[in-house]
Structures are given as C-alpha cells and as structure tokens.
Amino acid sequence: MNKKFPNYNRIESTIVEKLFHYGCWGKGHLLVIRLKRGIPPEDVGYVDKVLKELIKKKIVLIKKTKHGIAAFLNSDKRKEIDEIRTRE
C-alpha cells in the first residue's frame, strides 16, 4: 500500500465502496467526475492520485465514453476489493 498523504485509506475505500454500491462491474461504470462527489473538500485533490494507484493495481479499470473517462471494478480482483471495503 502506498501512503503518500493523510487519509489515503479513507479515500481509497470511499472510491471502491462507491463503485461497488452503484454496481460498476464490467459493463456498468461511473464517470470519474462523479467519484469526486461526497469526498471532503480537503481530500478532493487526492482522488486522482488514489485512482491512479488503484488502476496500477488493476483493482479499478477505466474506459473512455462519450461523456468522459469512466471507472469500473475489476471482477478478477474481488478478494482485494472486499479487503479494501472492510478496512477502516
């Protein structure tokens, strides 16, 4: 795990939980702009950095849509996703 700033775990679990809540597996997706909603204002700047780390770990995958870049969960990494969701 890469902790470069405070609240890394909280932002990471919030992103994964939000994608999980909306059922973003494979075909379902959520725009990256919408992932930033609900994050405290002091942490919004770190969302892109945490998202890049999740993409490097292949927990979150991205695709381009006509509305922008969308993110979804990798179903092959379900065990790691469950660990992130249950972590505090």
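The model is predicted, so local features need pLDDT of at least 70 and side-chain atom pairs count only at pLDDT 80 or more, while totals for chains, interfaces and linings use all residues. Residues are numbered from 1 along each chain as its sequence is written, and side-chain values use heavy atoms, with hydrogens and water left out.

Starting with the big picture, the chain has 4 helices and 3 strands (helices are DSSP runs of H or I with at least four residues, strands are runs of E with at least two, and both are numbered from the N terminus). Going along the sequence, these elements come in the pattern α-β-α-α-β-β-α.

Of the 88 residues, 35% count as buried (buried is under 20% relative accessible area, exposed is over 50%, and partly exposed is in between, with a 1.4 Å probe and protein chains only).

Next come the charges. Lys and Arg count as positive and Asp and Glu as negative, leaving out His and the chain ends. The chain has 21 positive and 11 negative charges, and their mean positions are 8 Å apart, with each charge placed at NZ of Lys, CZ of Arg, CG of Asp or CD of Glu. Side chains of opposite charge can pair when their charged atoms come close. Counting as a salt bridge any side-chain nitrogen of Lys or Arg within 4 Å of a carboxyl oxygen of Asp or Glu, the chain has 6 of them.

One of these joins Glu 17 and Arg 85, at 2.8 Å from N to O. Glu 17 sits in helix α1 and Arg 85 in helix α4 (residues 78–86), so this pair ties together parts that are 68 residues apart in sequence. Glu 17 is partly exposed at 32% relative accessibility, and Arg 85 is partly exposed at 28%. Arg 85 also meets Asp 82 in a salt bridge, at 3.8 Å from N to O. Asp 82 and Arg 85 are both in helix α4, 3 residues or about one turn apart. Salt bridges with shared partners also join Glu 12, Lys 57 and Arg 87 into one network.

Another salt bridge brings Lys 36 and Asp 48 together, at 3.3 Å from N to O. This pair links distant parts of the chain, as Lys 36 is in the loop between α2 (32–35) and α3 (47–56) and Asp 48 is in helix α3, 12 residues apart. Lys 36 has a relative accessible area of 28%, so it counts as partly exposed, and so does Asp 48, with 33%.

Lys 18 tells another story. It belongs to helix α1 (residues 8–21) and is buried without a salt bridge; the nearest side chain of opposite charge, that of Glu 17, is 11 Å away. Beyond its neighbours within four places in sequence, Lys 18 contacts Leu 30, Arg 34, Leu 35, Arg 37 and Gly 38.

Over in strand β3 (residues 68–73) is Phe 72, which counts as buried because its relative accessibility is 12%. Residues up to four places away aside, its contacts include Leu 19, Cys 24, His 29, Ile 59 and Val 60. Leu 61 is 11 residues from Phe 72 along the chain, yet their C-alpha atoms are separated by 5.4 Å.

Finally, Ile 33 is part of helix α2 and counts as exposed, at 62% relative accessibility. Ile 33 and Gly 68 are 35 residues apart in sequence, with 8.5 Å between their C-alpha atoms.

Definitions and conventions. Contact = heavy atoms within 4.5 Å.
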